[in-house]
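Here are some notes to read with the model open beside you. Take the points one by one and find each residue as you go.

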Amino acid sequence: MRNIFILFLFLHTLLIASTPIDGVLNWAEQGYKNFRTYPRVNRAYKLIEANKTKEAKVLLQKALEIDSHNQKAIDMMLNLCLKEQDNSCIDRYISRAKNVNLGYIYKQKAKQAKENHEYNKAIELAKKALRYRLKNSDRYFVKLIIFDSYLKQQEYQKADDFIQKDKLITYQILKWSKVSDNLGESDYAYKLASELPNKIEYLKWQVELLLKSKRYKEASHKMELLYKREPTADNKKQLLYLYSLTNQGDNIVKIYKDKLAKGCDEYALNFLLDYYKDNREKQSEILQKEYPYSCLPREKRVELSLELINRLKKSHPKKAKQISKEISKDIGMLSSEKKRLAFYQISGQKDKLVKIYKNRLARGCNEYALLYLLDYYKNSAIQRNKLLENNYPYSCLSKDKRTVLSLELLNLLSNKNPSKAKEILDRLNSKDIEPSSYINISNISAKLGEYQKSIDYALLYLKHYPDNVLAIKNIGFSYFKLGQKELSAHYLIRASKLNPSDIDLLKNIGYLCAELKEYNTAIYYWKLYLKKKNDATIQLELASLYYYQLKDYQKAQEALNRYEKLTKIYTAQYYTLKAKLAYLKRDCKVALNNYNSALEIKENDNIDYEYAHLLAQCKEEDKAIDLMQKLSSKNPDNLQYKKELAYMYEKKRDYSKAIKSFEDVAKSEPKVTNHLSLAYAYKKVGKDKEAIKEFKKAIDSSSNMDKKKLRIIKNEIKNMRRFSVYMAQTARLDGDKKGQSLSNINNSTYNGFGSIEFAYRPKFLPNRTRLFANILHDHIDIKESAQPSVGVRYQPIKDKQFFISARKLIKAGVNTRDDTLLQASLGISSNGSNSSDIYQNLYLDSGYFTKADSTIVYGNYEIGKKYNIDKNLKISPYLTTGGTFSNDNSKKREVTNMDIGVGVAVDILPDETKYEAPAYRNRLKLEARGKYAGNTKDKNTLHLQWEFFY
């Protein structure tokens, strides 16, 4: 016992001693937790205020990890969970929350339970929510959860008890009825609504609910009550609808018929007419039986009378006419113009209809008025056309009708008013037009000169009617008008293949192809045409084509013969062609007679012009000049006549008159050709200064003259110099070798030599004649070998490098002679037109010494290629071959040599001026030659030659 007491005392003492220490430790531990959690909770609070809930939630979770019993953190976390509607979060903290309104939590859970169809759970949770303080709107929402859950479980008594139905007043019943309907519980809604009094508003609500529940028969009863209190058209329509749904129509019809049997009743009559609106026979029976509808307002009475007239006008025309007379005095009472129109239509008063419709159109486009009047005037073209013009563009009509009338107006105006027609054409849209109308629009477009539109519409028509000949011809003729003649020919030929019997088309294709210079095609189609029809005109066209274009004179004569068989009335064209064919046979007499015949039929300057040419060709120059003078005088502005006259004077060598005519032409028409003609005329009479002046004008008058032509003119100016110089020095690089006793010309082939020649073209000698002086020497003994000579050289053929000359050799040194040399030379050159082309030169020379009675002959051929280093320097490598013959030696021995060689030439030219070719030319040649035949001693030679031309 003593031990137990001691133990108790010890434990008591220990307990007393240990309690303050534990309290201090707990206090310290909690303080440390508060020290760690406070900043986080405080920071989370500020983040929530800044609407940064995500960051706040992280801080609160950290605080609760430190102190899971921190009430402030728990409450703040739960509020965040409520805000985010995070149910798992709410469940985690709801049991520990103290300062949070749990009503909203239960509200949220009740809402979720109801959505999951857990209605009892929803009711339980909602009731818990109502124990807390909620906003009025939230409290109402919670009550709706409870109310809706009872209804969904069809626990209507509990629902009645919940809303305390027995204590509800009328407007509250209506309110809960509408709430029930909004919740999709129309049956319960009607259960509540059925307790409402029979007022219009409540009856409408009851009918609406019954219709939703498809309780149509009950709805019809309520509708009858409503219609009695509010007899509107809509209510009547609704009631009739319900009767039809519930097969109650016969009952109401019987009632209304009974009413009408007692006398006119407005409502009954209107109802029955409406009821039988789909039964024309019944409706007509009522209209006839109840006429004249005395119980109806006056305007309504007239309307029904009009309807009755309309129904009787075929079956009982007399009765219809009688009623028309009876109500005619009341027509003015109709407020609707449409109804008055109906009366006039029914009663056949077309004059009044026309007047009204015209008034309507005067105010603006009216579809019915326009169409009625167009139909009314269908047999009066003037009135109908006037309507079409005055009411364009028919904006009140549908697109299709508008297009049809626009096309009709387009046809009308294409001749009468083309500018207006073009305006209509531009406004048409091909997509709105029937394809069958495209060809008509194509025709009209062509008539109006709108050829591209004609083509476009014809092509559209061909998409639907691919082989329509008229459309294809339209395209062909329109392309011709647009100047696209190749396309025109393509389409016209295509049309002809589809319709080969169209002879006019064959003829026109012939003309078109002739114009396109497709002469064989033209002949082909003209021949097809002539197989179907004998036509003298086309035979003459064929003859002309054969003659002028194909130069087939035999066929031209054959066609002309066929022409002569087809007609005896000949044209000027015929006589002109016959004259030309006669001249081909050099029958000037027949040719000139036919020209005279052509001029007798038709005075024509062109025929006169050809006639003058024929006279000149037939050696009747004087008559030709007289006729050309008359033409020129008659047509002073026609420079061609003046030119031809000048050429005729020139041919006759009447240069003064030729120059005068050329001067007039060049003055009036300063062209290159005219200046050149005048320049050459001056040149022929020796007027070099004037000629040079005209050559320069020719150059000035063209900025892009052909280079070859320009070079010729510049050479003409250069060649008109009367003085020229030629110098040459040739050195034999392999050493001078004295050959056999040869003439000085032959020696130059073998040994080195030098030459200088001065030439002059005096005015007193014939043109292309020059006097010259020459000195020729070798390089062995210049003093003793210098051979002077003088002579005359003539160029028989203009522009050909063929010369004949006679020179007197004068004895001067030991190795010179006194003799006369007759010489002929020919040079032929073929120079490429490009800067690096192959060129060929052939030079032939022969001479006869009259005193020595000896002959020398020399020939050389050279072929090479030019390379332009620059404009003043050319290098030409070449191959050459040549030969000599001479018996000009003391023994009259014949010496011959045939050799071949290679060489290179360098041409150095000065700059050419604007008007002249380079005045001089330096040429340096290095040439090696080797003998392959002949009896000369030299086998090989190597020459270096310098030439100077001025």
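1. Start with the disulfide of Cys264 and Cys295: the torsion about its S-S bond is about -45 degrees, so this disulfide is left-handed. Cys264 sits in the loop between helix H14 (249–262) and helix H15 (266–275). Cys295 sits in the loop between helix H16 (280–290) and helix H17 (298–315), so the pair ties together parts that are 31 residues apart in sequence. The two sulfur atoms are 1.8 Å apart. Before you go further, keep in mind that this is a predicted model.

2. How many disulfides does the structure hold? There are three. If the term is new to you, a disulfide is a covalent bond between the sulfur atoms of two cysteines.

3. Are the two cysteines of that opening pair buried, exposed or partly exposed? Cys264 has a relative accessible area of 32%, which makes it partly exposed. Cys295 comes out at 25% and counts as partly exposed too.

4. Next, have a look at Cys365 and Cys396, which form a disulfide with their sulfur atoms 1.9 Å apart. Cys365 is in the loop between helix H20 (350–363) and helix H21 (367–376). Its partner Cys396 is in the loop between helix H22 (381–390) and helix H23 (399–416). The pair links distant parts of the chain, 31 residues apart. The link is left-handed, with -50 degrees about the S-S bond. As for accessibility, Cys365 is partly exposed at 31%, and Cys396 is partly exposed at 26%.

5. Then there's the disulfide of Cys588 and Cys618, with 2.1 Å between the sulfur atoms. Why is this disulfide called left-handed? The torsion about the S-S bond is about -90 degrees, so that is the label the pair gets. Cys588 belongs to helix H34 (residues 588–601), whereas Cys618 is in the loop between helix H35 (605–617) and helix H36 (621–634). The two are 30 residues apart, and they link distant parts of the chain.

6. Cys588 is partly exposed, at 21% relative accessibility. Cys618 is at 11%, and because buried means under 20% relative accessible area, Cys618 counts as buried. While you're looking at cysteines, find Cys513: its relative accessible area is 0%, so it is buried.

7. On to charges. Side chains of opposite charge can pair when their charged atoms come close.

8. Lys152 is in helix H7 (residues 136–152), and Glu185 is in the loop between helix H9 (170–182) and helix H10 (186–193). That puts the partners 33 residues apart, in distant parts of the chain. Lys152 is partly exposed at 32%, while Glu185 is buried at 14%. Which residues are linked with them in a network of salt bridges? The network is made up of Lys114, Asp148, Lys152 and Glu185.

9. Asp432 and Lys399 are another pair to look up, their side chains meeting in a salt bridge at 3.6 Å, N to O. Asp432 lies in the loop between helix H24 (418–427) and helix H25 (438–447) and Lys399 lies in helix H23, so this pair ties together parts 33 residues apart in sequence. Asp432 is partly exposed, with a relative accessible area of 21%. Lys399 is partly exposed as well, at 44%.

10. Now compare a pair within one helix. Lys697 and Glu694 meet in a salt bridge (3.6 Å, N to O). Both are in helix H40 (residues 688–700), and because they are three residues apart there, about one helical turn separates them. Lys697 is partly exposed at 34%, whereas Glu694 is buried at 7%.

11. Finish with Lys473, in helix H27 (residues 469–481). What does Lys473 touch, leaving aside its neighbours within four places in sequence? Its contacts are Leu492, Ala495, Asp502 and Leu505. For a sense of distance, the C-alpha atoms of Lys473 and Gly449 are separated by 15 Å, and these residues are 24 apart along the chain.

Key:
Residues are numbered from 1 along each chain as its sequence is written. This is a predicted model: local features need pLDDT of at least 70, side-chain atom pairs count only at pLDDT 80 or more; totals for chains, interfaces and linings use all residues. Side-chain values use heavy atoms; hydrogens and water are left out. A disulfide is a pair of cysteine sulfur atoms within 2.5 Å. Helices (H or I, at least four residues) and strands (E, at least two) are DSSP runs, numbered from the N terminus. Buried means under 20% relative accessible area, exposed over 50%, partly exposed in between (1.4 Å probe, protein chains only). A salt bridge is a side-chain nitrogen of Lys or Arg within 4 Å of a carboxyl oxygen of Asp or Glu. Contact means heavy atoms within 4.5 Å.
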